[in-house]
Amino acid sequence: GSAAGRGGGATDEGNAFFADLDLSSLTRPPLWEPTVEEYFPAQRGGDRDENGLASPVVLTSPSREEFAHHARRGYPILVSDWGDGMAYNGWTGKDFAEKFPFGYMKAEYISDMPGFNPKDHDMIRIDGEPRVKLGKFRPDGKTMWHNFSRPASKRYSDDPLKPLTGPYVWHVKDELSPAEKLLVQARFEAPAFLQDGLNRAEMNRSFEVWFSPGAGSGAGAHNDGYCASVVSLQLRGDKKWRKMLEPPMTFFHSYDEFDGGVYEAGYWKPDLGFVNHQGGAVIWPPGYLHETKTFQPADGECGTALTLQFAFPQPVQFLRAFLPRLSLSAEVGQCVAMAWSGYATLYVPGIKLTSKSAQMRKQLESILKAVDQDGDERVTVEETRQFFKSAKDSTVHGEKQKFDPEHWEAFFQFKAEDTVAYHDMDNDLVASKQELWDSLVQWHVVRLRIKRGLQLVNQADRKGLELFERSLDRLRRSPMEMPPRLRPELEQLFRLPVGTRVFGSLRRVQSFSDPEFFSQVDWESLGRQEL
């Protein structure tokens, strides 16, 4: 009876959850999200692959403005000639091994190689994971790694489109001495449309190299944990990509977004399928699952690609459009509190989470008072830039510390453009009072939904959580449908007696993401409590 009683409490609270919110004051309900087709019309008219999957938007030698427009919209894009004229364009695995023999790289799926014994190799451990040396690793003891194919995970053998062989990744960005890093970075060039010093520094700081010996090398579908857009630049060989937007989410739809987890969860339905050719770059936002598989270059050499990140523009309009599902992602859910919350509040200090409409209205007025200098209830990029420069107590000043002082002027300009674009639904480069209200309410609903849902999960209260999720239906586009099965960890958690505390305190848990939630659960002590 007590569980049902507790569940009842959750519905009362659910009904009270934003109960005084006048939905007619909003352009759309706060948990409303567009479909893939509604958000990405441009990609739907292009090529289709042999399985009928659409191609992303393709840009060739884009201007800065053209690139920024698509990168802010945030859907995956292909820049067909990103690598043109770059020193590394065309380099093979062998070229990297001969030029930089000192590097240590990670051999993905190495434990799936029959007869592999780590003791036979010069391996070191970084962050607890084994690394092998670029200049001397021979997987079979005889053949250099760039001439040798190893199997990918056995879990992928059910589908010929999934990866067949295991790649290597070399984390240049954080696993080299400063002197070695400079040697590798010296040959890196930025494309013409991202030539400003701030972006050049960010790309140089963030890159890693992927090596693909043989054919069919790649990674099973996964999401990265990055809170920013990612670029994969193909240096040698061609690579087949399949991609899929994170599906609509509730707490019950959470799944393991690491390599291949989406296959096992039964959610894998890619919406893009295309080949990225040598010299081309794929750019995608946080929360866009991706699977890769290489074609071996005709000369039999080992294919290579660079992964890197730029600082601006960020995919802000994508984050705004899909915030409800991204906030529940097992990989990027933590980004909402950690990296994206400033956009909704224009980085105005003192905006606290609330479910009360009157409070939110007051916050909207204080945002306008702080930023809207001419009082026309429209926030421009220039007003935002000036506010950022003058508001010394805003968290935007913490963010600028990531960059060298010589780039701070550019930082304020880029940050202002992205922040206004986050709210800008009609593409006039201005955030109207209505657009600000819509975004602010969405942000409060998304953040407080996570907070309340975490409290219920933390008490192993399945019934209460379901009632709470159903009570949110009036804030969604369509009612929640329960998934046919839950992820095993959630199933296990709900087997605990209702009221069992999973974490003593949720103070440090801001999201339902794996880094913050499931990877921190102490299953052993919970098991003992149960006994």
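1. Let's start with helix H12, residues 381-390, where Val-381, Glu-383, Thr-384, Arg-385, Phe-387 and Phe-388 are buried. What lies over them? The cover for the buried residues of H12 includes H11, strand S14 (378-380), helix H13 (396-400) and helix H14 (408-423). Keep in mind as you look around that this is a predicted model.

2. Next, have a look at helix H10, which runs over residues 335-345 and is mostly covered, with eight of its eleven residues buried. Which ones are they? The buried residues of H10 are Cys-335, Val-336, Trp-340, Ser-341, Gly-342, Tyr-343, Ala-344 and Thr-345. Their cover includes helix H8 (316-321), helix H9 (323-326), H11, H14 and H15.

3. For H10 and H15 the angle is about 155° and the axes are 9 Å apart. Angles over 145 degrees count as roughly antiparallel, and H10 and H15 are therefore roughly antiparallel to each other. The crossing of H10 with H15 is left-handed. On the H10 side, the contact is made by Val-336, Ala-337, Ser-341, Ala-344 and Thr-345, and on the H15 side by Ser-439, Leu-440, Trp-443 and Arg-447. Sorted by class, the contact of H10 with H15 has five nonpolar, three polar and one charged residues.

4. Now try H11 against H15. Helix H11 covers residues 357-371 and helix H15 covers residues 433-457; they pack at an angle of about 130°, and their axes are 10 Å apart. That angle makes H11 oblique to H15. The H11 and H15 crossing is right-handed. H11 brings Ser-357, Met-360, Arg-361, Gln-363, Leu-364, Glu-365, Ile-367 and Leu-368 to the contact, while H15 brings Lys-433, Leu-436, Trp-437, Leu-440, Val-441 and His-444. By class, the residues in the contact of H11 with H15 are eight nonpolar, three polar and three charged.

5. Two residues from that contact also pair up by charge. Side chains of opposite charge can pair when their charged atoms come close. Glu-365 forms a salt bridge with Lys-433, and their closest N and O atoms are 3.1 Å apart. Glu-365 sits in helix H11 and Lys-433 in helix H15, 68 residues apart, so this pair links distant parts of the chain. Are these two residues buried or partly exposed? Glu-365 is partly exposed, at 38% relative accessible area, and Lys-433 is partly exposed too, at 23%.

6. How many salt bridges does a search of the whole structure find? There are 34. One of them joins Asp-196 to Arg-64, with the closest N and O atoms 2.9 Å apart. Asp-196 is in the loop between helix H5 (178-185) and helix H6 (197-206), while Arg-64 is in helix H3 (residues 64-73), so the pair ties together parts that are 132 residues apart in sequence. Asp-196 is buried, with a relative accessible area of 17%, whereas Arg-64 is partly exposed at 27%.

7. Stay at that loop for a moment. Ala-192 is also placed in the loop between H5 and H6, and this residue is exposed, with a relative accessible area of 71%. Where is Ala-192 relative to Arg-64? The two are 128 residues apart in sequence but 8.0 Å apart in space, C-alpha to C-alpha.

8. Here is another salt bridge to find: Glu-208 with Lys-173, where the closest N and O atoms are 3.1 Å apart. Glu-208 belongs to strand S7 (residues 208-212) and Lys-173 to the loop between strand S6 (168-170) and H5, so the pair ties together parts that are 35 residues apart in sequence. Glu-208 counts as buried at 5% relative accessibility, and Lys-173 counts as buried at 19%.

9. Is Arg-72 buried or exposed? Arg-72 is buried, with a relative accessible area of 13%. Leaving out residues up to four places away in sequence, Arg-72 touches Pro-313, Gln-314, Pro-315, Val-316, Gln-317, Phe-318, Glu-417, Asp-418 and Ala-421.

Technical notes. Residues are numbered from 1 along each chain as its sequence is written. This is a predicted model: local features need pLDDT of at least 70, side-chain atom pairs count only at pLDDT 80 or more; totals for chains, interfaces and linings use all residues. Side-chain values use heavy atoms; hydrogens and water are left out. Axes are lines fitted to C-alpha atoms, for helices over the stretch in contact, and angles run from 0 to 180 degrees between N-to-C directions. Helices (H or I, at least four residues) and strands (E, at least two) are DSSP runs, numbered from the N terminus. Angles under 35 degrees count as roughly parallel, over 145 as roughly antiparallel, 65 to 115 as roughly perpendicular and the rest as oblique. A crossing is left-handed if the near helix is turned anticlockwise from the far one by less than a right angle, and right-handed if clockwise. Contact means heavy atoms within 4.5 Å. Ala, Val, Leu, Ile, Met, Phe, Trp, Tyr, Cys and Pro count as nonpolar, Asp, Glu, Lys and Arg as charged, and the others, Gly among them, as polar. A salt bridge is a side-chain nitrogen of Lys or Arg within 4 Å of a carboxyl oxygen of Asp or Glu. Buried means under 20% relative accessible area, exposed over 50%, partly exposed in between (1.4 Å probe, protein chains only).
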